[in-house]
Amino acid sequence: GGTHNTVIQDRPLASGAGLIEPDRTAFLLWAPSCPRVALAIEARDALTMLPAGDGWFEVDADCGAGTR
């Protein structure tokens, strides 16, 4: 692993999801053995997560707390 630079509300984000605005969420996943990762949100097309180095993938999505 390594240190990742994504920050949510002035705190480093561990793997998972964190609100960056009321209707915008940052997602971060550590998947070092996966060449590609996508985020599935109910009733939407999957969002490709971008490689962020050291096995980390990230994407921001237009969704708020409680979105499935």
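## Strand pairing

In this predicted model, residue L50 lies opposite E58 of strand β7. Strand β6, which covers residues 47-53, pairs with β7 in the antiparallel sense, and three bridges join the two.

## The sheet

Five strands form an open sheet with antiparallel pairing, in the order β3-β4-β7-β6-β5. Its edge strands are β3 (16-21) and β5, each of which pairs on one side only. On average, and with direction ignored, neighbouring strands of this sheet are turned by 35° against each other.

## The nonpolar core

The largest nonpolar core consists of 10 residues: F27, A31, V37, L39, I41, M49, F57, V59, A61 and C63. Two or more of its residues are given by each of β5 (37-39) and β7 (56-61). Strand β7 supplies the largest share, with three residues.

Residues up to four places away in sequence not counted, A61 touches D23, R24, T25, F27, L39, I41 and L47.

## Residue T25

T25 belongs to strand β4, which spans residues 24-30. Is T25 buried or exposed? T25 counts as buried because its relative accessibility is 5%, and the cut-off for buried is under 20%.

The side chain of T25 reaches the backbone oxygen of C63 at 2.7 Å. With neighbours within four places in sequence left aside, T25 is in contact with A17, G18, L19, I20, V59, D60, A61, C63 and G64.

Methods
Residues numbered from 1 in each chain as written. Predicted model: local features only at pLDDT ≥ 70, side-chain atom pairs only at ≥ 80, totals over all residues. Heavy atoms only, no water. Helix = DSSP H or I, 4+ residues; strand = E, 2+ residues; numbered from the N terminus. Buried < 20%, exposed > 50% of the residue type's maximum accessible area, 1.4 Å probe, protein only. Polar contact = N/O pair within 3.5 Å; in protein donor to acceptor, adjacent residues only side chain to side chain. Contact = heavy atoms within 4.5 Å. Core = buried A, V, L, I, M, F, W, Y, C linked by side-chain atoms within 4.5 Å. Pairing = 2+ DSSP bridges. Axes fitted to C-alpha atoms, helices over the stretch in contact; angles between N-to-C directions.
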